[in-house]
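Student: I would like to take a close look at a single part of this model and then see how other parts of the chain compare in their local detail. Please go through it carefully.

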Amino acid sequence: MPSYKFTYFHGRGIGEVARQLFALSDTPFEDVRLRGEEWMNIKDQSPWGHVPWLEVDGKVLNQSWAIARYLANQFGFAGKTPFESAMVDALGDQYKDYWNEIKPFFMPMYRQNMEGMKDEFEKKKKEVAEPARDKFYAILTKEYKKNGSTGHLVGSSLTWIDLVVVDHMGVLDHYVPGFLDGFEEMRELQKRVNAHPKLAEWLKKRPHTPHNISR
């Protein structure tokens with residue numbers, strides 16, 4: 001078995017899907033979690049100047065989606081056919097578009113309880129977050145329905161895009177309760193994914209980390 005070393009911040013964020021794929025496949029890995037000062041001390045020596053990166057028997061792979069796709073293909077969470085894999089990738093790319101649209105909302109969201117931030121939070125929620133949400137979750141709902149009664153976004157089994165979407169839903173639920181109300185199909189997906197025995201085990205034992213490195 002290859003030796004895996006995964007380096008990311010001490011948070012969930014864009015690194016969480018990789019960790020979940022290791023957990024789902026029962027694959028041992030070295031989980032390197034950097035805190036702020038640690039990262040600043042090694043940033044100049046890091047492979048591409050950012051996190052995450054994955055080392056496989058010493059060989060380095062950068063970029064979160066490249067890592068997710070690689071691990072999903074290695075462990076059987078990338079789709080069962082070439083077309084399914086392409087659909088998973090397409091939804092992953094759509095998620096990136098969504099993230100770029102909703103990103104300006106996240107700092108006001110994290111700071112909404114700070115003095116003077118409530119108005120900015122409400123403004124960004126209405127002008128930025130709700131349009132981005134409605135656009136993206138309409139696409140997700142469409143694909144979920146089109147996929148039949150499988151309980152997944154693509155194909156008949158769990159894929160890495162299910163993990164990405166559900167983890168992000170958890171962040172929104174934490175900071176903006178009720179924000180995803182009305183997207184019942186996505187609630188079905190969330191419930192099914194989080195009930196997976198190996199994922200449920202990981203969710204219980206993973207280090208408690210801030211939500212605010214999540215995208």
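Leaving aside its neighbours within four places in sequence, which residues is Pro 108 in contact with?

Tutor: This is a predicted model, and the description that follows should be read with that in mind. Once the neighbours within four places in sequence are set aside, Pro 108 is in contact with Met 117, Glu 120, Phe 121 and Lys 124. Pro 108 itself belongs to helix 4, which spans residues 82–110. With a relative accessible area of 6%, Pro 108 falls under the 20% limit and is therefore buried. Between Pro 108 and Tyr 95 there are 21 Å in space, C-alpha to C-alpha, for a separation of 13 residues in sequence.

Burial can also be followed in helix 7 (residues 184–194), where Glu 185, Met 186, Leu 189, Gln 190 and Val 193 are buried. These residues lie on the same side of helix 7, because the arc they cover around the axis is only 145°. The partners against which the buried residues of helix 7 pack are helix 5 (118–146), helix 6 (160–175) and helix 8.

Helix 8 (residues 197–205) also packs with helix 1 (residues 16–24), at an angle of about 125° and with the two axes 9 Å apart. Helix 1 and helix 8 are therefore oblique to each other, and helix 1 passes helix 8 in a right-handed crossing. On the side of helix 1 the contact is made by Glu 16, Arg 19, Gln 20, Ala 23 and Leu 24, while helix 8 contributes Lys 198, Leu 199, Trp 202 and Leu 203.

In the loop between helix 2 (36–42) and strand 3 (53–56) lies Pro 52, which is joined to Val 51 by a cis peptide bond with omega of about 0°. Asp 57, in the loop between strand 3 and strand 4 (59–62), has a positive phi of about 50° although it is not a glycine. At 52% relative accessibility, Asp 57 is over the 50% limit and so counts as exposed. Gln 63, in the loop between strand 4 and helix 3 (64–75), likewise has a positive phi, near 80°, in a residue other than glycine. Because its relative accessibility is 40%, Gln 63 counts as partly exposed.

How values were computed: Residues are numbered from 1 along each chain as its sequence is written. This is a predicted model: local features need pLDDT of at least 70, side-chain atom pairs count only at pLDDT 80 or more; totals for chains, interfaces and linings use all residues. Side-chain values use heavy atoms; hydrogens and water are left out. Axes are lines fitted to C-alpha atoms, for helices over the stretch in contact, and angles run from 0 to 180 degrees between N-to-C directions. Helices (H or I, at least four residues) and strands (E, at least two) are DSSP runs, numbered from the N terminus. Angles under 35 degrees count as roughly parallel, over 145 as roughly antiparallel, 65 to 115 as roughly perpendicular and the rest as oblique. A crossing is left-handed if the near helix is turned anticlockwise from the far one by less than a right angle, and right-handed if clockwise. Contact means heavy atoms within 4.5 Å. Buried means under 20% relative accessible area, exposed over 50%, partly exposed in between (1.4 Å probe, protein chains only). The arc is that of the directions from the helix axis to the C-beta atoms.
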